2 protein chains.
Amino acid sequence: MSAFASTETEFEVETRYASFPSLALDCGITLLNPEVAYETYGELNAERTNAILVLHAFSGDAHAAGVSRESGQPGWWSAMIGPGLAFDTDRYFVISSNVLGGCRGTTGPGSLDPATGERYAMRFPVITIGDMVRLQKMLIDSLGVERLLAVAGGSMGGMQALEWTVAYPDAVAAAIPIATTSRHSAQQIAFNEVGRQAIMADPDWNQGDYYDSKPPARGLAVARMVGHITYMSDASMRQKFGRRLRDRDAFGFDFSADFEVESYLRYRGSQFVTRFDANSYLYITKAMDYFDLAASRGSLAVAFERTRARFLVLSFTSDWLYPTYQSLETLAALRSRNIDAAFCELTSNYGHDAFLLEAKEQSDMVTGFLESVHRDVQAAKREPEAAKRASASVAQEIVDRFDYAMIAEIIEPESRVLDLGCGDGQLIAWLGEHKRVDGRGVEIDPGNVRRAIARGVSVYQSDIEQGLADYPDGAFDFVILSHTLQEMRYPMRVLREMLRVGRHAIVTFPNFGHWSTRLAHLVSGRSPNTKLFPYPWHDSPNLHFLTIHDFLALCREQSWIVERQIFVRGNREARVLPNVFAEVAVFSIRSSDASAAAGA
Amino acid sequence: MSAFASTETEFEVETRYASFPSLALDCGITLLNPEVAYETYGELNAERTNAILVLHAFSGDAHAAGVSRESGQPGWWSAMIGPGLAFDTDRYFVISSNVLGGCRGTTGPGSLDPATGERYAMRFPVITIGDMVRLQKMLIDSLGVERLLAVAGGSMGGMQALEWTVAYPDAVAAAIPIATTSRHSAQQIAFNEVGRQAIMADPDWNQGDYYDSKPPARGLAVARMVGHITYMSDASMRQKFGRRLRDRDAFGFDFSADFEVESYLRYRGSQFVTRFDANSYLYITKAMDYFDLAASRGSLAVAFERTRARFLVLSFTSDWLYPTYQSLETLAALRSRNIDAAFCELTSNYGHDAFLLEAKEQSDMVTGFLESVHRDVQAAKREPEAAKRASASVAQEIVDRFDYAMIAEIIEPESRVLDLGCGDGQLIAWLGEHKRVDGRGVEIDPGNVRRAIARGVSVYQSDIEQGLADYPDGAFDFVILSHTLQEMRYPMRVLREMLRVGRHAIVTFPNFGHWSTRLAHLVSGRSPNTKLFPYPWHDSPNLHFLTIHDFLALCREQSWIVERQIFVRGNREARVLPNVFAEVAVFSIRSSDASAAAGA
């Protein structure tokens, strides 16, 4: 019986095997007759545009989805792959394979060396993530797939996804690297090294030659225990175990497992040896430690130079093994090359394990992202000249807003647009539909980011005041800041950055110079509290107040050129005495610095 | 030759030994003839009021300062203890001892069991932090010290310091727990358990009986490697090692140490066995895991019920092994009992190691704190009825500020005062000197917090908007918020909290109703930029603007009672049309809720 109780997504699968004549490795050695264990789910379409390769993490295997005919077990990503799920097997052809160096069907140190007929053990060559991906490419080719719709995976799976976009830029339309890094850090190497030393300190390891006797079970268990701590978070361990005792009411005052967390780790450590080979532990952790996408290519930005994929990068707040800053390093390089990269940091207590456990949180984004990429790919295939980012439905409220109408009037069709504080992406979606723009957004609220990505809009989760630094000069035609300037802590920095990365900056704000505001301040002797500024002084999101005159004066001071100014009163323009009568101002400005403007 | 090159603080020391008939342990067993290794620095004064006990961390020993006559080595806290240093041996009598269960002179598993004449090994009883402290109390008693001026230590040393304040509340005037916790978390237990399992997995461990053969060197090395990772931070490892290779230009494609971080960990692991006993590793980590100050006492707050010590709690930003939130848990309990606790989270990249490495950063605070406590203790001893917190010099700028003069006029002598956003503590120091108040502060800027604590003012580092929740109702007579209300994101929450924890709230703010502000807004049609509001709209720390009328209206709305209102214009009172002419308003208000007022 399967432990996986779900009904709709239950489908039987079988692991298959593919063999190849040889594989040239990064270490210089050529591996003969490598074999790959793999599974596929769903059907390849006639145009061969719907293939997705999912990539497993450290101790995973080819069995990613469905129910194994052999073991009756669900796959490691069954919550994400299946009919109607994020990787929807009714629409996509999903491929999963065990990595090179593994112990679950693909050639690794436990395999027989065809040259000697004996197990490789430590005579297996040291491999890299690049080698793993090279073998996957052979598999994909053999399945008749020229270009993957997407590569996706968490942790070491994310490393493979990133390697794919760099090694085979023409063979990948999109990448979803989750909870991962572009290079292993000193701390990550250190944890892996502890695991390796624990294995190699076990006399049963016997220099790797234990296949005919007993494996280094105690060393491997200690290694796995360390691993488990790094996969969880302080908070999730507190929640799951706290200081609860195991099978006792008081301390035992001995060295048996007093605490539940001790007993859990001992159990997990001792179980691991039944399903994982200690030598594979050594080889695969070494491959991760060697991983540095930038190293041989000069820099990460250079590494991505030929990359044409769109990205969805996900990280988790409590993941301290692959912390968000590592995803941000990857994103900074992508954005410096103006590569389309959506990003969301999901809130989770699960630590690194979140990438496997928070399926629900990730599903809507993966669904929306894949749909959007698939639409792009199909459109490019069918009518390449009209390829445009189409979006689904747009709420009526966009259509009703006069200031949005004004923004839309200013923005040129098919231009590159960045919307700062884009909320759930409605304006970009609307501009995509009506102006066929290549639109992206920056938004700080994770809920909004999720909703935007789920509707196929590329949004980067960030504080606006930090979020523009990575973009090159002139990356966009228009940068929009709508009704947000007055909420910025440092509005000048934001305006300067807008004018650096965009040829034009469109700024809208409520006019603090409106007669009602001024009169209220004078007559009442109180902080203005009007229809336009509806908050009491002590509970307002507005941090700075500015009038139309303030903004115009600033433009003069900074020598910014005002290209358009539209003053809004109700649902029409206020043409007379706008600083007195306009409720909202819409400005389009540009820098007077010719070089910046030419940067586009 | 000593590796410690400093000249001024170099003084020779010798480890001494004290024996006691027996020690009753928490496990129920009585240990016979325990021996303690200890050192002392400086001289006990005639009044016996200057003794400080410093407490070592996991792998430390009695040799805390000076140069060992035996080994020629400096002590583990030599940068903090010595003539003119933070623990100034010209003024204080400093005591340090090796913990129970250790392997550096104090009785532990490697000692001979007097009952059998053989090593205890695993027949040594399981001990607790409480047991360690009980043995230290015997040592202190034998040295003729009735009450310690302070107990101080980092990590496990901090646990002992906390245990002292609870187990012997009358014997401790002050405590300095650094980078520590009131109870070990699941994650901390987990890391210790991995270390223990690594040792016990080593066949050389031999159930602890290895003293006549070779010790479990490989297991202990793996345990120490894990420890080292947790003592550093991701950032410090990146800084110290990055991905630098060891003695090579390219990957070795083998399992020797490719990276510097690997070689460092291997070296540190292998060295540890020369100075530390594997069985002590087991016993001392178990004592830490058992540590939970709250457990047997119901709650942490109850544990501190009889505690009369003043506290200086320090933590470090990058310490993920004993993260700041654990210090905050201790502080919340202390503050809920209205115990005087200063707190600073120091900025450091060093991780948990920071408590040993950031001596300079800690020294000024420890110096100021100890001086202030010593002054209190001396004063109480000499003239108990007039014990007051005297402070050193107060800057002239306090004396010159008219609004401070007004605050001072309102505050009653010898009252309990809390100053929110207290900066570097000048006002509290001034009130201490001139009004003999029991003053404390809350301040967010770590530099200000350091300066305040260094001048002996008790300041708690926190956001004002978060910082009051732990205090009980009516903990203070006066709570001051000076010139800060307009910078608060949620001013209402702050005002409500002030009125909850204080009988009176004193609030001062710049008057946005001042004629210059209003006229500027009306006439210029721009955001007011005047002498009183000297910032351009886009670069102002002020987040909310309020006028005197706004504040009065709010008091009416909330039924707060205005006890005093003083309006300041230049250096005198503005009595006519204050909302028009006053630049600054000083209010003293109280809640109309009688129960809150009675809570005092």
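**Domain contact in chain A.** I looked up where the domains of chain A meet in this predicted model: 14 residues of domain 1 are in contact with 14 residues of domain 2, contact being C-beta atoms, placed from the backbone, within 7 Å. On the domain 1 side, α9 (324–336) and β14 (341–346) of chain A each give two or more residues; helices (H or I, at least four residues) and strands (E, at least two) are DSSP runs numbered from the N terminus. I noted that β14(A) provides the largest share of this side, 6 residues. The side divides into 7 nonpolar, 3 polar and 4 charged residues, where Ala, Val, Leu, Ile, Met, Phe, Trp, Tyr, Cys and Pro count as nonpolar, Asp, Glu, Lys and Arg as charged, and the others, Gly among them, as polar.

**Domain bounds.** I took domain 1 of chain A as 12–113 + 121–183 + 291–364 and domain 2 as 388–598, from an automatic or database domain assignment. Their centres, over C-alpha atoms, are 39 Å apart.

**Chain contact.** I found 63 residues of chain A and 64 residues of chain B in the contact. On the chain B side, α3(B) supplies the largest share, 10 residues. That side holds 34 nonpolar, 15 polar and 15 charged residues.

**Confidence.** I recorded an ipTM of 0.89 and a pTM of 0.91 for the complex. Chain A averages a pLDDT (the predictor's per-residue confidence, 0 to 100) of 90. Residues 385–393 of chain A stay under 50.

**Conventions.** Residues are numbered from 1 along each chain as its sequence is written, and chains are lettered from A and ligands numbered from 1 in the order written. Local features need pLDDT of at least 70 and side-chain atom pairs 80 or more, whereas totals for chains, interfaces and linings use all residues.

Technical notes:
Contact = placed C-beta atoms within 7 Å.
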